[in-house]
Amino acid sequence: MSEDNIGITVLGSGSSGNCTIIQYGGTAIMVDAGFSARETQRRLQLAGLEGLRINAILVTHEHDDHVKGLRVCAKTLDAPIFASMKCAQKMRCKDERLRQMATFAPGGTFDIGSITVCPFSIPHDASDPVAFSFICGNRKIAIATDIGYASSMVEYQLRECTALVLESNHDLDMLAASSRPWHLKQRIMSRQGHLSNEASAQLLADVASDCTRNVILAHISRECNKEKIAFDRAQQCLQNIDRPDIVLQVAHQNRPIETLWC
Ligand SMILES: [Zn+2]
Ligand SMILES: [Zn+2]
């Protein structure tokens with residue numbers, strides 16, 4: 001693929017593990033390492049990315065589904081880890097064998113090779129959690145999951161993106177009807193939890209811009225959602241805002257998507 005193209009490969013997404021690879025201009029970044037190192041290698045291979053040099057691993061927050069494989073992945077891939085200061089402290093408390101991490105301040109930007117990384121604060125029950133937008137040449141993409149609600153910061157950062165990876169976590173009726181304990185239901189629905197299909201579709205309607213071409217729905221709950229329900233809700237929203245041209249797809253928990261080149 002041409003050096004000008006941006007590649008997005010969601011190796012897997014959901015409460016059992018999250019990991020996405022971004023490629024642009026000869027630079028490759030891993031966002032989160034929520035699968036074991038062995039499973040991550042298996043998925044890289046499935047996606048045709050085995051042997052890809054990963055220049056950095058960025059961490060959104062310290063929940064297990066985002067960092068389970070972090071220590072070993074960083075070692076085997078020989079890649080530096082980047083996290084917010086509080087997230088890095090929290091992770092080192094849990095596992096002091098984690099190698100030295102570079103820290104960033106949410107709201108700032110820094111370069112990794114050809115990609116400018118913009119971490120921004122999100123409302124979620126973790127230590128200074130972030131999502132990321134990435135500037136690749138004159139285009140922008142973003143990965144935003146584990147968001148309690150669409151804060152104005154989130155809305156701002158997701159505007160003008162060529163491609164978006166966006167959480168569409170749960171269907172409210174399925175969540176209400178699920179066997180989950182009440183405190184967990186409350187946590188998921190809270191302003192520090194996760195975006196419902198409804199909230200995700202609304203956010204998508206608010207941020208879809210003239211330059212937006214692709215949307216990948218992610219972090220789909222296995223118990224309280226279905227890929228088809230999330231897809232249909234977002235598709236309906238794109239129809240409503242007269243943007244049926246935006247290509248919509250859903251990331252899976254169990255297998256990588258084919259790399260999206262945009
Ligand atoms: Zn998560
Ligand atoms: Zn989380």
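# Helix packing and sheets

Reader: Looking at H8 and H9, is their crossing left-handed or right-handed?

Author: The crossing of H8 and H9 is right-handed, and please keep in mind while we talk that this is a predicted model.

Reader: Ok, and at what angle do H8 and H9 pack?

Author: Helix H8, which covers residues 197–207, packs against helix H9, residues 227–240, at an angle of about 30 degrees, and their axes are 9 Å apart. Angles under 35 degrees count as roughly parallel, and H8 and H9 are therefore roughly parallel to each other.

Reader: Which residues in H8 and H9 actually meet?

Author: From H8 the contact takes in Asn197, Glu198, Ser200, Ala201, Leu204 and Ala205, and these meet Ile229, Ala230, Arg233, Ala234, Cys237 and Asn240 in H9.

Reader: Switching to the sheets, in what order do the strands of the seven-stranded one come?

Author: The seven strands form an open sheet with mixed pairing, and their order is S6-S5-S4-S3-S2-S1-S14. Strand S6 (101–104) and strand S14 (260–261) stand at the edges, and each has a single partner strand, so one side of each is left without a neighbour in the sheet.

Reader: How does S14 pair with S1, then?

Author: Strand S1, residues 7–12, and S14 pair in the antiparallel sense over two bridges, and Ile8 has Leu260 in S14 as its bridge partner. Helix H4, residues 85–94, packs on the sheet as well, where H4 touches strand S5 (81–84) and S6, and the direction of H4 makes about 110 degrees with that of S5.

Reader: What about S9, how many of its residues are buried?

Author: Strand S9, residues 130–136, is mostly covered, since six of its seven residues are buried.

Reader: And how many bridges join S9 to S8, and to S10?

Author: Strand S8, residues 115–121, runs antiparallel to S9 and is joined to it by seven bridges, with Cys118 standing opposite Ser133 in S9. S9 also pairs with strand S10, residues 139–144, in the antiparallel sense over five bridges, and there Ile135 stands opposite Lys140 in S10.

Reader: Which residue takes a positive phi in the hairpin of S9 and S10?

Author: That is Gly137, whose phi is near 65 degrees, in a hairpin that has two residues between the strands.

Terms used
Residues numbered from 1 in each chain as written. Chains lettered and ligands numbered in written order. Predicted model: local features only at pLDDT ≥ 70, side-chain atom pairs only at ≥ 80, totals over all residues. Axes fitted to C-alpha atoms, helices over the stretch in contact; angles between N-to-C directions. Helix = DSSP H or I, 4+ residues; strand = E, 2+ residues; numbered from the N terminus. Parallel < 35°, antiparallel > 145°, perpendicular 65-115°, else oblique. Left-handed = near helix turned anticlockwise from the far one by under 90°. Contact = placed C-beta atoms within 7 Å. Pairing = 2+ DSSP bridges. Buried ≥ 20, exposed ≤ 12 C-beta atoms within 10 Å, placed from the backbone.
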